[in-house]
Amino acid sequence: MEVSFGSGSTLINFVQRLWGLYNKEKRGYFSEREHKWKATQKGARILRKINNLLATPADVKADFVNRQNQETAWIGKIVLGWCKDVCPKVTPSFGGLTAYLRGQLHFDRILPLIRLEEKKPLFDKDDNEIDGGKWKELFDTHHLSYDKAEALQEDFKKYCAGLDTPLNTPSDEQKAFDEFCAGQRTLLQFNKRCDHRHHAVDAAVIGLCNLSLVQRAAEHNRKYGTLHKIENSETGEILVRGFEVDNIPPYANLREEVKKRLTDYVVWHKPDHFPSGKLFDEMAYNVREKDGAERFVKRAELSSFIKSDAKKTKENLQKLLFADTIKEVVLNQFQERLARGLSVEEALCGRKDDPQDGIYYRGNKVKKVKYMYLVGRGVREFDSNADKKVVTHDKSGREHHKGYQNYGYACMDFDATTGKRISLIPLWKYQQNKQIPAGIVRVFAGDILFDKTNKQFYKVQKFNACHGIYLRPTTEVQPLDIATSNLKNYMVVSSRQDIAKLKSE
């Protein structure tokens with residue numbers, strides 16, 4: 001085995017010890033079934049540990065991918081068996097064929113067109129927003145003339161300015177425009193996973209696959225290693241013809257039908273009214289009073305307060321240090337040391353070549369200081385409703401207040417009449433508050449709400465102590481959230497039947 005670590009590293013020393021233990025083991029036994037010598041059970045465990053310790057990142061990634069593929073294939077086999085119990089005529093397909101057919105039959109254009117009609121943003125593979133006008137001119141127009149392009153006009157002019165040969169005739173300009181559009185189509189790929197409705201589009205494509213189509217596609221893939229057309233990049237010669245789907249024109253009507261059904265479709269999210277999860281953050285803080293409020297206090301190294309420059313580091317110390325006396329000492333000496341020409345790190349933590357150098361308080365070098373826990377731009381206060389305080393006593397009888405931060409919320413209660421927020425119930429208090437009082441509307445994460453003003457459906461995404469509940473359109477995966485603390489204009493939707501009734505009104 002070749003190892004890229006130094007001979008004196010802790011890892012190599014440990015592996016050498018393991019090899020020593022393995023060599024002390026017996027030779028093992030000869031397996032008649034596998035016709036080879038096999039290590040003992042203990043020796044096999046040692047070998048596995050050695051291989052795991054010396055695995056490269058590429059080995060770990062490859063092992064993970066192979067394991068996931070095997071598990072997915074096994075799950076697919078089990079699901080296929082269940083489906084055949086319901087309907088014997090079930091044809092299994094594969095993901096590569098679904099993706100290929102989605103492009104060949106132009107089903108990949110259904111979702112972008114729907115989102116443009118609904119005035120929702122389009123996103124590319126990197127989750128960056130796409131200009132809807134550019135996408136429509138590139139994909140929704142069969143053959144666009146260069147002089148009629150509006151959204152693409154500016155980018156096309158820049159493209160022309162970078163060409164080596166001038167464009168003298170309209171024919172030259174049209175040819176250049178077609179080449180420009182071909183390149184843009186490769187770059188401007190819509191990310192279907194930004195919208196939950198992509199599952200319905202894929203289901204429609206899979207529904208068009210019969211046994212004959214799947215078998216022909218599998219044979220083509222075995223023969224050429226791909227379903228796509230392969231061309232010579234220099235000559236344009238077709239090296240491999242792509243897999244062909246017979247009788248394509250009738251699919252246009254199906255495409256329009258799928259588009260019609262999914263426009264303004266409300267995706268149903270199964271509500272979870274049995275919330276679970278970690279109750280508290282594992283970190284225990286001291287709870288100390290400062291400026292009329294209880295704060296979470298912890299000790300940390302001075303080096304953890306260093307920022308990109310001296311000004312930001314000073315502001316960080318000013319905001320977070322708990323004790324006023326030590327704060328004044330640290331800030332004054334930090335400023336003095338900076339004035340002597342030391343770097344920010346040296347001014348705060350001392351020079352590395354001199355262990356005695358640094359900031360001193362009462363004759364001792366300051367290495368750690370008490371700081372207040374920061375959330376966003378403000379210091380986190382102890383919330384008696386959500387956080388938990390534990391009182392302990394040490395050997396001398398002194399009382400210590402430890403605080404644990406709430407890790408999550410179970411639900412939020414609203415007044416059924418006014419819609420005003422009543423309380424936000426953390427997970428650790430939910431068991432004692434399962435019974436819903438009279439006149440209360442309880443909302444859980446995952447519930448669907450109907451906005452009576454805008455006639456829109458939203459999913460309850462998460463809770464927030466300050467802003468109430470965050471709502472996201474039921475179709476959206478990207479965080480396009482709105483916050484509200486009042487349910488006056490909202491109605492909780494309990495079933496798919498409620499959705500159909502509200503849409504028909």
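Which elements are included in what covers the buried residues of α4? Among them are α9 and α10.

## Basis of the model

This is a predicted model, in which local features need pLDDT of at least 70, side-chain atom pairs count only at pLDDT 80 or more, and totals for chains, interfaces and linings use all residues. Residues are numbered from 1 along each chain as its sequence is written, and side-chain values use heavy atoms, with hydrogens and water left out.

The buried residues of α4 are L97, T98, Y100, L101 and R102; buried means under 20% relative accessible area, exposed over 50%, and partly exposed in between (1.4 Å probe, protein chains only). Helices (H or I, at least four residues) and strands (E, at least two) are DSSP runs, numbered from the N terminus. After α4 comes H106, which has a positive phi near 60 degrees.

A nonpolar core is a set of buried Ala, Val, Leu, Ile, Met, Phe, Trp, Tyr and Cys residues joined through side-chain atoms within 4.5 Å. The largest such core has 39 residues, and those touching the most other members are L97, L101, F107, W135, L152, F177 and F243. Elements that give two or more residues to this core include α4 (95-104), α9 (198-207) and α10 (211-224). Another core, of 23 residues, lies apart from it and includes V287 and L302.

## Residue H401

H401 belongs to strand β15 (residues 399-406) and counts as partly exposed because its relative accessibility is 29%. Leaving aside residues up to four places away in sequence, H401 touches Y285, N286, V287, K389, V390 and V391; contact means heavy atoms within 4.5 Å. The C-alpha atoms of H401 and N286 are 5.9 Å apart, although the two residues are separated by 115 residues in sequence.

The side chains of H401 and E399 make a polar contact (3.1 Å). Such a contact is a pair of N or O atoms within 3.5 Å; within protein, one must be able to donate a hydrogen and the other to accept it, and residues adjacent in sequence count only if both atoms are side-chain atoms.

Strands β19 (residues 448-451) and β20 (residues 456-464) pair over four bridges. I448 has K459 in β20 as its bridge partner.

How values were computed
Two strands pair if DSSP finds at least two bridges between them.
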